[in-house]
Amino acid sequence: MNVRFRCVLSTVESDSHLWNLVYLQKLLEENGASVHNLGPCTPVESVADAIRADRPDLLVVSSVNGHGFHGAQVLLSGLRERGLEVPCAIGGKLTTAVSDDDRVRRELLDLGYTDVFLGDDAIARFRGFLRFGLAQGFSAWRADPALITPWDSANSVTRKVS
Ligand code: B12
C-alpha cells in the first residue's frame with residue numbers, strides 16, 4: 001500500500017466498542033493512511049504516547065457508547081496539558097440523544113476539534129475530509145459551522161406548565 005499520511009486511531013477511556021475502530025481503520029487504510037489503532041478503552045496517556053512516538057498527521061477518535069462527548073473533552077484537554085497539538089477528527093454516537101448532535105458538534109468544534117462527524121452522513125462527510133486533507137493538509141480544513149437548533153438557542157422560551 002502507498003502510505004500517504006499517518007494516523008492514530010483511538011476511542012475514549014470509557015468505551016469498549018471495537019468494530020467501529022476496525023471499520024475506521026479499514027476506511028482510513030483504503031484512503032492511504034498507515035493506522036496505529038489503539039483499541040478500545042483508550043487512556044489519554046496512551047493516546048499521548050502514540051502521538052509523541054508516531055507524530056501523526058491526524059488523530060481520529062471514535063466513540064459510540066453515549067459517553068463520548070465527555071471523554072472527548074477529557075481527551076483534548078489532556079493532550080493540550082501535555083503540549084500536544086494535532087488535527088483531530090471525532091465521530092460516532094457521542095451522547096444518547098440524536099437531538100444533542102448539533103450542540104455537541106458546536107461545543108467540540110469550539111473546544112478545538114478539527115471536525116465532528118455525527119449522523120447518517122458522517123462517513124460521506126468524513127471521506128470528503130480525507131480527500132481534502134490529502135490534497136491540502138488536515139490543519140487547513142475549515143469545518144462547516146455548527147447549526148444552532150431552536151431548542152439550544154439563547155432565545156428559546158421555556159413555558160411554565162401550571
Ligand atoms: C456490539 C455492541 C456492544 C458490545 C461491544 C463488543 C465489542 N467489543 O465491540 C458490548 C456488549 C460490549 C456493548 C456494550 C455496551 N453498549 Co453497545 N452496542 C453494540 C452494538 C450492538 C453494535 C456496535 C457495532 O459493533 N457496530 C458496528 C460498527 C461498524 O458500527 P458503529 O459502531 O455504529 O459505527 C459506525 C458509525 O457510528 C460511524 N462512526 C463511529 N465512529 C466514528 C468516528 C468517525 C470519525 C466517523 C466519521 C464515523 C464514525 O461509522 C461506523 C460505520 O458506519 C450497538 C448497536 C448497533 N446496532 O449499532 C450497541 C450500542 C453502540 N451500545 C450501546 C450501549 C448503551 C452500550 C452499553 C453502555 C450498554 C450497557 N448499559 O452496559 C455498553 C457500553 C460498554 C462500554 N464500556 O463502552 C448503545 C449506545 C447508545 C448511544 N450512544 O446512544 C448502542 C447504540 C445500542 C443502543 N441502540 O442502545 N455493546
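Cys 41 is found in the loop between strand 2 (33-37) and helix 2 (44-54), where helices (H or I, at least four residues) and strands (E, at least two) are DSSP runs numbered from the N terminus. The phi angle of Cys 41 is near 50°, a positive value in a residue other than glycine. Cys 41 is partly exposed, because 15 other C-beta atoms lie within 10 Å; a residue is called buried if 20 or more other C-beta atoms lie within 10 Å of its own, exposed if 12 or fewer, and partly exposed in between, with C-beta atoms placed from the backbone. Residues are numbered from 1 along each chain as its sequence is written. The structure is a predicted model, in which local features need pLDDT of at least 70 and side-chain atom pairs count only at pLDDT 80 or more, while totals for chains, interfaces and linings use all residues.

Arg 55 also has a positive phi, near 45°, in a residue other than glycine, and is found in the loop between helix 2 and strand 3. Arg 55 counts as exposed because it has 10 C-beta neighbours inside 10 Å.

**Strand pairing**

The pairings below use the rule that two strands pair if DSSP finds at least two bridges between them.

| Strands | Sense | Bridges | A residue and its partner |
|---|---|---|---|
| Strand 1 and strand 3 | parallel | four bridges | Leu 9 and Val 60 |
| Strand 3 and strand 4 | parallel | five bridges | Ser 63 and Gly 92 |

The chain crosses from strand 3 through helix 3 (residues 68-81) to strand 4 in a right-handed β-α-β crossover, and a right-handed β-α-β unit is likewise made by strand 1, helix 1 and strand 2. A crossover is right-handed if, with the strands pointing away from the viewer, the path from the first strand over the helix to the second runs clockwise.

Strand 3 is mostly covered, with six of its six residues buried. Leaving aside neighbours within four places in sequence, Val 60 is in contact with Cys 7, Leu 9, Leu 24, Leu 28 and Ala 89, contact being defined as C-beta atoms, placed from the backbone, that lie within 7 Å.

The largest nonpolar core has 31 residues, and those with the most contacts inside it are Cys 7, Leu 9, Val 60, Val 61, Ala 72 and Ile 90. Such a core is a set of buried Ala, Val, Leu, Ile, Met, Phe, Trp, Tyr and Cys residues joined through C-beta atoms within 7 Å. In soluble globular proteins, nonpolar side chains tend to be buried together.

**The ligand shell**

Of the 24 residues around the ligand, Trp 19, Ser 62, Gly 66, Gly 91 and Gly 92 come nearest, a residue being near if its C-beta atom, placed from the backbone, lies within 6 Å. The elements that give two or more residues to this shell are helix 1 (19-30), strand 3 (58-63), strand 4 (88-92) and helix 5 (122-136). By class, the shell has twelve nonpolar, ten polar and two charged residues, where Ala, Val, Leu, Ile, Met, Phe, Trp, Tyr, Cys and Pro count as nonpolar, Asp, Glu, Lys and Arg as charged, and the others, Gly among them, as polar.

**Exposed positions**

Asp 110 lies in helix 4 (residues 101-111) and is exposed, because 9 other C-beta atoms lie within 10 Å. The C-alpha atoms of Asp 110 and Ile 123, which are 13 residues apart along the chain, are separated by 22 Å.

Trp 151 lies in the segment after helix 5 and counts as exposed with 11 C-beta neighbours inside 10 Å; Trp 151 and Arg 125 are 26 residues apart in sequence and 25 Å apart in space, C-alpha to C-alpha. Ser 153 lies in the segment after helix 5 and counts as exposed with 9 C-beta neighbours inside 10 Å, while the C-alpha atoms of Ser 153 and Phe 69, 84 residues apart along the chain, are separated by 19 Å.

Technical notes. Two residues are in contact if their C-beta atoms, placed from the backbone, lie within 7 Å.
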